[in-house]
Amino acid sequence: MPDTTETTNRFDALVIGGGIAGAEAALNLANMGFSVVIVEKDLSLGGKMIHLSKVFPTLDCSACITTPKISETARHPNIKIFTYSEVHDIKKLGENRFTAQIHKKPRYVKEDECTGCEACEKVCPVIVEDQFQFDLVGRKVAYIPFSIANPRVAAIDIENCILCGACEKACLAEAIDFTQEMEIIPIEIKAVVVATGYHLIDPVKLPNYGYSKFKNVVTAMQMERQLVPTRPFNTVLRPKDGKMPENIAYVLCAGSRDETVGNPICSQICCMYSIKQAQLIMGALPMADVTIYYLHIRAFGKGFNEFYLQAKSMGVDFVKGKVAKITEKENGNLIVRYEDVYKGKVKETEHDLVVLANGILANDGISEMFDGVKLETDPFHYVKQIDELANPTRTSIPGVFVAGAASGPMDIPDSILSAGAASSETASYIRRLS
C-alpha cells in the first residue's frame with residue numbers, strides 16, 4: 001500500500017513540468033520571493049532541451065544553456081523539487097487556494113544518501129535499452145539517468161531488476177532501498193503553472209517509412225544524440241552495421257500536417273532542427289551528402305531564413321517532394337520513393353541513412369489532473385489559451401496559467417518568453433488576491 005504523508009505542504013505556486021519552460025517560470029517566481037514546488041515526471045530536470053546538441057539558428061551549445069539554469073533552479077532556496085513524480089487531484093477550493101497530491105514514485109535509492117558515484121551501475125549485471133540515448137545503446141538496470149542529470153541520483157529499473165543484490169553490496173553509502181513504495185504528498189498552493197511541454201510522434205504510426213522495421217531509418221532525436229558532446233559513439237554511425245553514412249536523407253513533416261496520425265497542424269520546429277542537424281552533419285562528416293525532402297520550409301523566425309540559405313550554400317540538397325515510401329535493400333541502404341513537385345514525376349533515390357523529422361503532439365492527460373474543475377483544451381489537445389492575443393498564458397481556470405509548448409508548438413526562445421509571461425501573470429494573480 002502506498003504511504004500517505006499527512007502533513008500538508010504549503011507553497012505559493014505549483015509548476016508542473018521541469019523542462020526549460022517550467023524551470024524559467026519557477027526561477028522567475030522564486031526570485032520574486034514566492035515559494036515554488038516543481039513536479040517533474042522524469043528522473044531529472046531539463047526536459048527535452050537538455051538532450052539536444054545545439055540550438056538554431058545560433059548553433060549555441062544547448063547543454064551550456066540548460067545546465068546552469070537547471071542547476072540554479074535546483075539550488076534556489078525558494079524552490080522545492082519532486083522528480084519522478086506526478087500531480088493528481090488538483091482541486092480549486094477558493095479564489096487563491098488549490099490543493100493537490102504529488103505521487104512520488106520509488107527510485108529504490110535514498111536520494112539524500114546517494115553520491116552519484118556509479119558504483120551500483122558498474123556492478124549491475126543486467127543491460128537494457130537506454131531511453132535517454134533513444135535506444136541507440138544500452139544502460140544498466142541500476143543507473144544514473146545520464147551524465148548531466150540533475151539531481152545526479154541513481155535509480156533502480158525494478159521491472160528489469162533480477163534482485164541479485166550486487167548494487168546493495170557495492171553501495172558504500174548504503175543508499176539502495178528495495179523497500180521504498182509510492183509516496184503521496186498533499187500540497188496546498190495559490191496558483192498553478194502548467195509547463196508540461198509536448199511529446200514526439202511515434203514514427204511506428206507511419207508504416208510506409210519503415211521505422212523499427214529498417215534499422216537505418218532513425219528519428220531526429222536519435223540523430224541528435226549522435227551529434228551531442230555526450231554522444232554514445234565517437235561519430236555518426238548507421239545503427240544496422242556501424243558504418244559511417246555517406247548519403248543521408250531527411251524526411252520532413254513525418255507525422256505533421258497529417259490527418260491520418262491525428263496531427264493536422266504544423267509542428268513549427270521540424271524544418272529548422274533538420275536544417276541545424278544537416279549543418280552539424282556536414283561538419284562531423286565532411287564527405288557526406290545530405291538531402292532534405294520537404295513540402296514547405298517554414299523559416300519564420302529571426303535569422304531562420306538566413307540559416308536556411310546558409311545550409312544551401314554549404315551544399316545541403318533541398319528537394320521539394322512528398323516522400324511516399326521507403327524500402328530497404330539487402331545491404332541496408334534505403335530507397336526513397338517521392339514525388340518531385342517541380343518536375344511532376346515520381347522518382348526513387350538511394351540513401352544509406354534516413355532521418356525522420358517526426359513532429360510533435362500535445363501532452364495529453366493534463367486535464368485529468370484536475371478534479372471538480374475542467375481545464376479546457378483546444379481542438380488539437382493543447383491547453384486552451386482563453387485570451388490568446390492580450391493574455392496568452394490565461395487558461396479556463398482562474399489561477400491556472402500555461403507556459404511553453406503545453407499551449408502549442410513553439411521553439412525554445414518562444415517557450416522561454418511564454419514562461420516569463422506565465423510567471424509574471426502568476427505573480428500578479430497571487431499578489432492581487434493575497
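**Exercise 1.** What volume does the largest cavity have?

*Solution.* The model is predicted, so local features need pLDDT of at least 70 and side-chain atom pairs count only at pLDDT 80 or more, while totals for chains, interfaces and linings use all residues. Residues are numbered from 1 along each chain as its sequence is written, and side-chain values use heavy atoms, with hydrogens and water left out.

Step 1. On a 1 Å grid over the protein atoms alone, a cavity is a set of points where a 1.4 Å probe fits but cannot get out; lining residues have an atom within 4 Å of a point. Points are joined across faces, edges and corners, and a volume is the space filled by probe spheres set on them.

Step 2. The whole structure contains 6 cavities of 30 Å³ or more. The largest cavity has a volume of about 90 Å³.

Step 3. Its lining comprises 15 residues, of which Cys114, Thr115, Cys117, Cys120 and Cys171 are the closest to the centre. By class, 11 lining residues are nonpolar, 2 polar and 2 charged. Here Ala, Val, Leu, Ile, Met, Phe, Trp, Tyr, Cys and Pro count as nonpolar, Asp, Glu, Lys and Arg as charged, and the others, Gly among them, as polar.

**Exercise 2.** Describe the second largest cavity.

*Solution.* Step 1. The second largest cavity holds about 70 Å³ of space.

Step 1. Residues lining the second largest cavity include Cys253, Cys266, Cys270, Cys271, His296 and Arg298. The lining divides into 5 nonpolar, 4 polar and 2 charged residues.

**Exercise 3.** In what order do the 5 strands of the open sheet lie?

*Solution.* Step 1. Strands are DSSP runs (E, at least two residues), numbered from the N terminus; two strands pair if DSSP finds at least two bridges between them.

Step 1. The order is S5-S4-S3-S13-S23, with parallel pairing. Strands S5 (79-82) and S23 (400-402) are the edges, each pairing on one side only.

Step 2. Strand S4 (residues 36-39) is joined to S5 by 4 bridges, and Ile38 stands opposite Ile81 in S5.

**Exercise 4.** Which element gives the most residues to the lining of the second largest pocket?

*Solution.* Step 1. A pocket is an open set of grid points with protein on both sides within 12 Å along at least five of seven lines. The second largest pocket has a volume of about 540 Å³.

Step 1. Among its 23 lining residues, Ile81, Phe82, Lys104, Glu111 and Asp112 are the closest to the centre.

Step 2. S5 gives the most, with 4 residues.
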